[in-house]
Amino acid sequence: MIPSDDEQAIVASPPRGSFRERLGPSSPTRSRSITETVNGSHKFVIEGYSLAKGMGVGKHIASDSFTVGGYQWAIYFYPDGKNPEDNSTYVSVFIALASEGTDVRALFELTLVDQSGKGKHKVHSHFDRSLESGPYTLKYRGSMWGYKRFFRRTALETSDFLKDDCLKINCTVGVVVNTMDTYRPHSIQVPESDIGSHFGALLENQEGADVVFNVGGERFHAHKLVMAARSTVFRNKFFEEASGSEEEIVIEEMDPKVFKAMLHFIYKDELVDEDVLAASSSESSIFDTLAAKLLAASDKYHLDRLRLLCEAYLCKGINVNSVSTTLALADQYHAMELKAVCLRFAAENLSAVIRSDGFEYLKEHCPSLQSELLKTVAGCEEECSSGGKSQSVWAQMSDGGDTSGRRVRPRI
């Protein structure tokens, strides 16, 4: 049974979540259609022209066959003309398909050579003019292209084209061919980069280590070149400062587990496992979490990618209770992406945020952030086109009131 148009449309469109989507986007392919001519020429000399006259209308002298574009061709010269109605007034010249072929498309050129040396050849050509209907199509073997009235016979016999009873005819055939240039990417599976695992092994086995960091009494062996390549702070320390030759460097005010996690990033270009980060998230303050301390380390040692990784991790934990302290953390350590997310979240959930314990911390320690939050709220209100809320918002932020003007005691 032939499916209806609707049924065909359903078959043609894979469902959402199909295996094609799960595989992801495929590599692009491309193709190019090229239409051009394969050209070839043949020179045909006719000696004894005067003896060929009188052989009869429709009778021809044929050249030897020649090959162009995979087909055989021949030149036919009719001394008494091909058309009986012309009564032998003209000579005729044609190019014929001399091999099997169907709908062979070609361009042609016939040249009667001027043998005086003046170069005034008689040329009939497809090649040097625009073709209104395209190349000529030869339907089958024996099909011809040419001219029944190629040249008036009396004019030919007194011209420079005939010399020593000899004619010279040059022929060019351009067979139209179409080729398809197709590019399909080869499917070679390339594994993910493992450079991090190699540098991680270098850190673990301490091979070639040339510097020791003392962090809270715990010693870490590392490599100056690796540290310098990842952080401009360490590069300046090792190669520009006079103290760069120290074999042991003391790192003040940093927990050893934070320094260890920072080394993990420097060598492997990734955060420590999430379970390690999550283990510290049960602390009473976000400032005491490993992610927050790593964010501080990234700011201190100019590790921009580590900063973004920490921001992305902290962003996942934003809620009404944590957004205010996370905003303060982001502002302190120049985590601009995280800060923007916090401001937007707080503005969109302002009524609940101002009742949180974290907002009290924000009011007490980061008053400048309140004005930034107010600007963000104003921007959100403009986007929503709600209007008329700026005064109530300011009242909430300064007095702890709700949007109806009632006083609300913050929860402790």
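Helix α8 and helix α10 (residues 290-300) pack at an angle of about 65°, with their axes 10 Å apart. Helices (H or I, at least four residues) and strands (E, at least two) are DSSP runs, numbered from the N terminus. The model is predicted: local features need pLDDT of at least 70, side-chain atom pairs count only at pLDDT 80 or more, and totals for chains, interfaces and linings use all residues. Residues are numbered from 1 along each chain as its sequence is written, and side-chain values use heavy atoms, with hydrogens and water left out.

**The helix pair**

- Axes are lines fitted to C-alpha atoms, for helices over the stretch in contact, and angles run from 0 to 180 degrees between N-to-C directions.
- α8 and α10 are therefore roughly perpendicular to each other (a term for angles of 65 to 115 degrees).
- The crossing of α8 past α10 is right-handed, that is, the near helix is turned clockwise from the far one by less than a right angle.

**The sheet**

- An open sheet is formed by three strands in the order β12-β11-β13, with mixed pairing; two strands pair if DSSP finds at least two bridges between them.
- β12 (218-222) and β13 (248-251) stand at the edges with a single partner strand each, so one side of each has no neighbour in the sheet.
- On average, neighbouring strands of this sheet are turned by 25° against each other, direction ignored.
- β11 (residues 211-215) pairs with β12 in the antiparallel sense over five bridges.
- Within this pairing, V215 stands opposite E218 in β12, and N214 stands opposite R219 in β12.
- β11 and β12 form a hairpin with two residues between them, and G216 in the turn has a positive phi of about 60°.

**The largest pocket**

- The largest pocket holds about 420 Å³ of space, where a volume is the space filled by probe spheres set on grid points joined across faces, edges and corners.
- On a 1 Å grid over the protein atoms alone, a pocket is an open set of points where a 1.4 Å probe fits, with protein on both sides within 12 Å along at least five of seven lines; lining residues have an atom within 4 Å of a point.
- Its lining has 19 residues, of which L203, F220, K260, A261 and H264 lie nearest the centre of the pocket.
- The elements giving two or more residues to this lining are α5 (195-205), β12 and α8 (256-268), and α8 gives the most, with seven residues.

Notes:
Parallel < 35°, antiparallel > 145°, perpendicular 65-115°, else oblique.
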